[in-house]
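Me: I have a structure open and would like to talk it through step by step. Could we begin with the overall picture and then turn to particular helices and residues?

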Amino acid sequence: MSNNQEDANNFEDEALKEFKEGSIHFQKHFYSKAIQHYEEAIEIISKNSNEFKNILFDGISFEILIKSLTSKGLCYFNEQKWESANKDFDESISLFEQFKSKLNDDDLNSIVLSIIKANHMKGKCLIYLKKEKEALQNFTKAIQLGNEYNSNFENVDENVTKIISLFNYYMSRGLLQNQLQQFDLAIDDFTQCVTILDNTLQNKLLNNCDNIDMSQINHDYYVTLHNRGISYENLQNYEMALHDYNAAINYIDLSTLQNSLQKNNVIDTFYYRARLNDQFLQNKSEAEKDYLKILTLQKDHILANYYLGEIYYFKKNYKLSQNYFTIVIDNLCDNVDNNVDNNEKLFYSHFNRGMCYKNCNEFENAINDFELAINTNKEIFYKVFIELARLYTKLQLKTNEELVTLYNQGISLLEKSPSTTMIDNKSHIYFERGILYNKLDNYQSAIKDFTTTIQLDPNFIDAYFNRGFINHRKLKLFEKAIEDYDKVIYLNPYDVDCENQKVMCLIELEREEEAKVLVQEILERNPENETTMGLKRYLNNEDNEEV
């Protein structure tokens, strides 16, 4: 053996020793100590690489260098030092690309496993560094290298154990595709994960393996199907999404959940399936089952309680609905802070519980919840102002001026709502404010609201009558009044009260012959109507009553 060869072997041994020491500390999660040993190994090889360059690529030195860099990067990754980790993974990948042509096949196959891992972990670092598109490239590179590596052993039975699973690499890329809203591509990756799991299980069964870890395989199936379901749901392929959520849940053994993270993941799957049935497939009964299942796993789950409250509200089980909204309120009232979603859920929980109280005739409790909802957020939902105003009116708790103010706030939000928003009884809201304006002698505003009501609902009889009545009695615009009275009579033939009002307008316009004809028609149908008989006497000069 030459002196150069002997010296090369010596520094290789020193580097390998440091690498192994680092790996021992890594396994014990002593990452800082592990980093020190990996750096020693890298330093030994780097210091001697120029002098023994030819020997370097004939021995294990390059492999130790790559593995030390990759392992050091893993230490930094576990310490959440993304920049440092990314730097080590990047250096490992760059060195491999620079010198791979000098490696023989055996060394190349050994080293490429570290490079596959380096690309995968670099992709994960880049996600944390908000460089998702670059991360996608590294995941793709890891998959490409993995497929090339496996192709070397696919047809060699004795080497079948050397084939590596690409499950984690396809999974990482699929999850990132979902994050980037590239759902079709994500589905392709998750489907590839299912194929890998199918093949793995089939091979183990064919080879009568005794060490099949079914709990891990079932978990991997669960994770894959759960995430593919999310992809399908985002593509609005709800049937396929439901299929995958169902399949994912079939792989869950609730008795084996070992920690809160596993439990939270399972809860998410039940929740996604529940919302899919609830919101898109209109299968409320199945959604209800899943929400209740979630509460057996986490009794104070905000969303499950909230949507159960909604389901029982629409079932008109208002007492039970109240209970679920109360749970949401109790859990959110001290934890809203600046969380927009929690603020909105707290608002709607107060509003919806208020509606439950209203439907149970518990008006004071309803008012309290509507006021709490407004205090939570004044800009979310128009209806809370309207419902509060209606209850104040019913219980005579506010002046007409104060009621108009509430209607103004509600209608202001209503008019800002997107045109696609479903508005229940929108015409009634303007009509109700019109009635209040009329009581306040603000006739022009009242007429404007009645006109808006008619535009929203051309068959709204009371709006025509009230607009006609203001034009008739308050503004003395008799022709306009008659137009509205005629519309009422058209929509509701033989409306005696309206016909009598029209008679009075005809008298004011000195169209007495028309008035007499109409009076005669009314009395033929309603001979006992006192108002009509009084109008007849007036028209016949039988007394001096004012009209």
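Predicted model: local features only at pLDDT ≥ 70, side-chain atom pairs only at ≥ 80, totals over all residues.

Me: How many helices and strands does the protein chain have?
Reply: The secondary structure of the protein chain comes to 26 helices and 0 strands.

Me: And what percentage of the residues count as buried?
Reply: The chain has 547 residues, and 46% of them count as buried.

Me: Among contacts between residues at least 6 apart in sequence, what share join residues at least 24 apart?
Reply: Of those contacts in the protein chain, 56% join residues at least 24 apart.

Me: Let us turn to helix packing. How are two packed helices described?
Reply: They are described by the angle between their axes and by the distance between those axes.

Me: How do α12 and α13 pack, then?
Reply: Helix α12 covers residues 260-280 and helix α13 covers residues 284-297. Their axes come within 8 Å and cross at roughly 160°.

Me: Are α12 and α13 roughly parallel or antiparallel?
Reply: They are roughly antiparallel to each other, because angles over 145 degrees count as such. The crossing of α12 and α13 is left-handed.

Me: Which residues make the contact?
Reply: On the α12 side they include Val-266, Ile-267, Phe-270, Tyr-271 and Asp-278. On the α13 side they include Ala-287, Asp-290, Tyr-291, Ile-294 and Leu-297. The residues of this contact of α12 with α13 divide into 9 nonpolar, 1 polar and 8 charged.

Me: How does α11 pack with α12?
Reply: Helix α11, residues 238-250, packs with α12 at an angle of about 150°, and their axes are 10 Å apart. The two helices are therefore roughly antiparallel to each other, and α11 passes α12 in a left-handed crossing.

Me: Which residues are in that contact?
Reply: From α11 the contact includes Tyr-238, Leu-242, Tyr-245, Ala-248 and Ile-249. From α12 it includes Thr-269, Phe-270, Tyr-272, Leu-276 and Phe-280. The residues of the contact of α11 with α12 divide into 10 nonpolar, 3 polar and 1 charged.

Me: Thr-269 is on that list. Is Thr-269 buried or exposed?
Reply: Thr-269 lies in helix α12. Its relative accessibility is 0%, so Thr-269 counts as buried.

Me: What does Thr-269 touch, leaving aside neighbours within four places in sequence?
Reply: Thr-269 is in contact with Tyr-222, His-226, Tyr-245, Ala-248 and Ile-249.

Me: What about Met-240, is it buried, partly exposed or exposed?
Reply: Met-240 is found in helix α11. With a relative accessible area of 31%, Met-240 is partly exposed. The C-alpha atoms of Met-240 and Ile-230, which are 10 residues apart along the chain, are separated by 9.8 Å.

Me: New topic: the nonpolar cores. How many residues does the largest one have?
Reply: The largest nonpolar core has 83 residues, and those with the most contacts inside it are Phe-62 and Tyr-291. The largest share of this core, 9 residues, comes from helix α4, residues 61-78.

Me: Which residues does Tyr-291 touch, not counting residues up to four places away in sequence?
Reply: Tyr-291 touches Tyr-271, Ala-274, Arg-275, Asp-278, Ala-304, Tyr-307, Leu-308 and Ile-311.

Me: Which residues does the second core include?
Reply: The second, separate core has 62 residues, and among them are Ile-374, Tyr-382, Tyr-407 and Tyr-437.

Key
Residues numbered from 1 in each chain as written. Heavy atoms only, no water. Core = buried A, V, L, I, M, F, W, Y, C linked by side-chain atoms within 4.5 Å. Buried < 20%, exposed > 50% of the residue type's maximum accessible area, 1.4 Å probe, protein only. Helix = DSSP H or I, 4+ residues; strand = E, 2+ residues; numbered from the N terminus. Contact = heavy atoms within 4.5 Å. Axes fitted to C-alpha atoms, helices over the stretch in contact; angles between N-to-C directions. Parallel < 35°, antiparallel > 145°, perpendicular 65-115°, else oblique. Left-handed = near helix turned anticlockwise from the far one by under 90°. Nonpolar A, V, L, I, M, F, W, Y, C, P; charged D, E, K, R; others polar.
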